[in-house]
Each structure stands twice: as C-alpha cells, then as structure tokens.
Amino acid sequence: MKHVLSIAGTDPSGGAGAAADCKTICAHGCFALNTITAVVAQNTQGVREYMDVPPSLIAAQLDAVFEDIPVHAVKIGMVSVPETIRVIAAKIAQYKPPFTVVDPVMVATGGQRLLAPEAERVLQEELIPGATLLTPNIPEAEVLVRRPISTLDDMETAARMIAAMGAKAVLIKGGHRIEDATDILYDGTQCHYFPGKHIESTGTHGTGCSLSSAVAANLARGLSLTAAVKEAKTYVFRGICHAPAIGKGHGPIHHFYDLYHTVGWE
Ligand SMILES: Nc1ncnc2c1ncn2[C@@H]1O[C@H](COP(=O)(O)OP(=O)(O)O)[C@@H](O)[C@H]1O
Ligand SMILES: Cc1ncc(COP(=O)(O)OP(=O)(O)O)c(N)n1
C-alpha cells in the first residue's frame, strides 16, 4: 500500500481540508497520513474563524511522520502564514518525498481568506519551486500572474507563467468557469486539456482539496502525470454528480461513491 501525506487545515464539516484529503487518499487505495497546519471553524456555509498551528508543532508532526513511515507522495493545502510555509518548505527539502502536489489555497468558497496577503510572496518563493505539480483555481492563478484569466488561452498562458516560477508542472482548474469545467495542465513541455461539463450543483465544497489529493494518490500509485490528473478529474466529477445533500450550504462531494455503489451502500 502506498502512503500519502496531507498537510492541510481542518474542516469539522468533513468536506474540505484534511478530512477531504484523507477520504480521497483512502478512496484511492492508499494509506492516509496527515499533518494539521490550522484548526478551522467552518461548515458548508463558510469559514467562521481559524487558528494557525505553531510552526514548531507543524515541524514536530512532520518529523513524527517522516521519521517513522515512508511517504510516497505529499499534498499541501492551506498554509495561511509565512512561518507555516517556511517550516513546510524546509521539511520537504529535508525529507525529499518523491511527489509534492501543492494546492495554493487562498480563499474559501464563501470568500474568506485562508492565505494572509503577506504569505503570497513567500508561497511563490519557497513552496512553488520544487513542487511536482501546482494546482491553482482561476482566482488563485490570477493572483499569481497578476492578470485576469477569462479564456482557455488565458489559462494556458497563466500555466506557462506559473511554471516559470519554478513548479515542474501546473494544473489550472476550471471549476470557476461558467461555460464548462475544462482544466489545463502544463507539464513543463506542453499543455494538455481535460475537458469537463460544468455541473450546476451545491455539492462542490472541497473539490480543489479532493482533486489535488487524488492526483497525489495517483502519482504514488505509479500513474503518469497526465493519467493521474485525468483519473482525479473523473473522480471529482463523479463525486459532484453523486454528492450527498449534507449541510445547509455548499455540501461535500461523495468521496466514496464507487466503493459504496459496489457494495450496495448507496
Ligand atoms: N460545478 C462543477 N462542475 C464540474 N466540475 C467542477 C465543478 N466545480 C469544480 N469542478 C472540478 O473540480 C476540480 C476543482 O476545481 P475548482 O473548483 O476550480 O477548484 P477549487 O475548489 O480549488 O476552487 C476541477 O477538476 C474542476 O474542473
Ligand atoms: C482547511 C481548508 N482548506 C481548504 C479549503 C478550500 O477548499 P477547496 O477545495 O479549495 O474549495 P472550496 O471548498 O473552498 O471551493 C477549505 N475550505 N478549508
């Protein structure tokens, strides 16, 4: 069994952050490890408040995992402040996991910031270089390239510009598009399109967390980057299609649809 480490904030309503990551990793037949960066009071209706875990405790969590268990891939989500980013970047450089997927979480669906403005530069300088894959959504990519993105051509250009910041590959996610949900991957050489239908649904909380964790798990399982992204996109699409109606706001995707369906637990 492959071991995949999620480094992320919490979501007590279970749809995003560490909970989404661990469910996704398990749904891919991998063993889920996790390190918490921030404790977040949120639910399907939004983020209420959060507290960052002290950097020394993040470092201690990472040492505890890496010194004990081989880590086949890492997914990094909410990192919120410069000190958190610096300690994670240092530990990744120290332990050198084979794959590092970075989801540059900046703002939650409800509009609440999960990355302090002063942390944007540190993220760009210290976490993006060395990432196997960076997975910004369109608003996050706009922040990174400092220009608006409205067309597929804009997404391609942004992916190439962000790769120039040091990530080996960049996947711009199209969940914020209205006409479709096409994602575009720049693998360092060429762009690959992952077309997708835009589903009108409230079951989209944590789609970005789930997608990046699914890619990390697929890479750990030995898939190529393009196959890892293709399978991850299908997983999230099916999760949205079969989203359970949980909570009063934007609910989670169904992380275990295929498994539950097979054993008749639907
Ligand atoms: N309404 C939707 N219909 C179909 N696919 C979606 C929808 N919303 C998100 N996705 C897919 O979910 C993944 C996460 O995308 P996105 O929502 O843009 O990320 P984030 O959650 O970080 O904002 C992408 O593969 C995207 O295409
Ligand atoms: C702890 C935590 N991390 C990340 C997010 C954002 O989740 P994401 O999958 O990017 O998408 P939305 O659910 O915001 O669309 C979060 N809410 N909490």
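This is a short tour of a predicted model, moving from the whole protein to one pair of strands and then to a ligand. Local features need pLDDT of at least 70 and side-chain atom pairs count only at pLDDT 80 or more, while totals for chains, interfaces and linings use all residues. Residues are numbered from 1 along each chain as its sequence is written, and ligands are numbered from 1 in the order in which they are written.

The C-alpha atoms fill a box of roughly 40 × 40 × 40 Å along the principal axes, and of the 266 residues, 50% count as buried, that is, with 20 or more other C-beta atoms, placed from the backbone, within 10 Å of their own.

Next, select residues 3-8 and 31-36, which are strands β1 and β2, running parallel and joined by six bridges; His3 stands opposite Phe31 in β2.

Finally, select ligand 2, which 19 residues surround, the closest being Gly9, Ala16, Gly17, Gly208 and Cys209; a residue is near a molecule if its C-beta atom, placed from the backbone, lies within 6 Å of it. Colour β3 (38-43) and α7 (207-220), each of which supplies at least two residues of this shell, with α7 giving the largest share, three residues.

Note on methods. Buried ≥ 20, exposed ≤ 12 C-beta atoms within 10 Å, placed from the backbone. Helix = DSSP H or I, 4+ residues; strand = E, 2+ residues; numbered from the N terminus. Pairing = 2+ DSSP bridges.
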